[in-house]
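My notes follow in the order I looked things up.

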Amino acid sequence: KVLISFYQIAGTLGPVYGVRLHEDFTRWMDIMDAISFDFLGLTYPDACIGSMRARLLISALWPCAAFLLIAAAIACHAFAQWLLSDRTDNLRRDLVRATQSRLIYWAILVAYLVLPSVSRSIFKARQCESFNVDDVTGERRSYLVADLDVLCSADDDEYRGLDAYFWAFFVLWPVLVPLSFLALLLQIRRDVRAQR
């Protein structure tokens, strides 16, 4: 867990915060890219997926779909256990508790593992780079690094359209997920302190 947490923090310093780490340090971190859980980046080049809006939607929502599939499998397993048992009320209550516990465990695990890669994908909707377009006048234009067809300007329709998606997913992933972790930790803090 410590190694994964360290990689998640170090892996987001550059893309999200613009911090450049020394090459000797980042070279051995490249091995850890296999566990980044950025399935889109591992499978297809970004341009093959479509517009930046489509990439943002897919990268922010695929963990929710993955959790729903896991939840369906857990629910089916619990229902099959109930059908194959004597169907008593005590067993049903125990199965419900066990199923809730498994769902919470898998939700935490999925959110913990994908939070850095999803956050990086979300911040790609705001990372712009400025280019010199006219040497005589010194005019510069900024384009989205993830999609150089998108002009970083309020005049660009696609860039303006990304704004709502960015803020919605920003609140959902980099803000609410860590706050949910904090709420869960605060709820179980007495048990953790008592080492139960």
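**Aromatic rings**

I started with Phe-169, which is buried, with a relative accessible area of 8%. This is a predicted model, so I read every value as computed from it. Next I looked up the ring partner of Phe-169. The ring centres of Tyr-165 and Phe-169 lie 6.5 Å apart. Their planes make 25°, under the 30 degrees that count as stacked, so I noted a stacked pair. Both residues sit in helix H7, 4 residues apart, which is about one helical turn. Tyr-165 is partly exposed, at 27% relative accessible area.

I then checked the count: the structure holds 9 aromatic pairs. One of them joins Phe-131 and Tyr-143, with centres 6.2 Å apart. I looked up where the two residues lie. Phe-131 is in strand S1 and Tyr-143 is in strand S2, 12 residues apart, and the pair links distant parts of the chain. Phe-131 is partly exposed, with a relative accessible area of 33%.

I also found a ring cluster. Ring pairs link Phe-123, Phe-166, Trp-167 and Phe-170. Arg-126 lies over the face of Phe-166, 4.8 Å from the ring centre.

**The sheet**

I traced the strands next. Strand S1 covers residues 128-134 and strand S2 residues 139-144; they run antiparallel and are joined by 6 bridges. Ser-130 stands opposite Ser-142 in S2. S1 and S2 form a hairpin with 4 residues between them. In the turn, I noted a positive phi of about 75° at Gly-138.

S2 is joined to S3 by 2 bridges, again antiparallel. Leu-144 has Asp-147 in S3 as its bridge partner. I wrote the open sheet down as S1-S2-S3, 3 strands with antiparallel pairing. S1 and S3 (147-151) are the edge strands, each pairing on one side only. Neighbouring strands are turned by 50° against each other on average, direction ignored.

What packs on the sheet? I found helix H7 (residues 157-187) there, touching S1, S2 and S3. The direction of H7 makes about 95° with that of S3.

**A serine in helix H5**

Last, I looked at Ser-59, in helix H5 (residues 52-84). A polar atom of the Ser-59 side chain lies 2.7 Å from the backbone oxygen of Arg-55. The side chain of Ser-59 also reaches the backbone oxygen of Leu-56, at 3.4 Å.

How values were computed: Residues are numbered from 1 along each chain as its sequence is written. This is a predicted model: local features need pLDDT of at least 70, side-chain atom pairs count only at pLDDT 80 or more; totals for chains, interfaces and linings use all residues. Side-chain values use heavy atoms; hydrogens and water are left out. A polar contact is a pair of N or O atoms within 3.5 Å; within protein, one must be able to donate a hydrogen and the other to accept it, and residues adjacent in sequence count only if both atoms are side-chain atoms. Two strands pair if DSSP finds at least two bridges between them. Axes are lines fitted to C-alpha atoms, for helices over the stretch in contact, and angles run from 0 to 180 degrees between N-to-C directions. Contact means heavy atoms within 4.5 Å. Rings of Phe, Tyr and Trp (its six-membered ring) pair if their centres lie within 6.5 Å; planes under 30 degrees apart count as stacked, over 60 as edge-to-face and the rest as tilted. Buried means under 20% relative accessible area, exposed over 50%, partly exposed in between (1.4 Å probe, protein chains only). A charge sits over a ring if NZ of Lys or CZ of Arg is within 6 Å of the ring centre and within 35 degrees of the ring normal.
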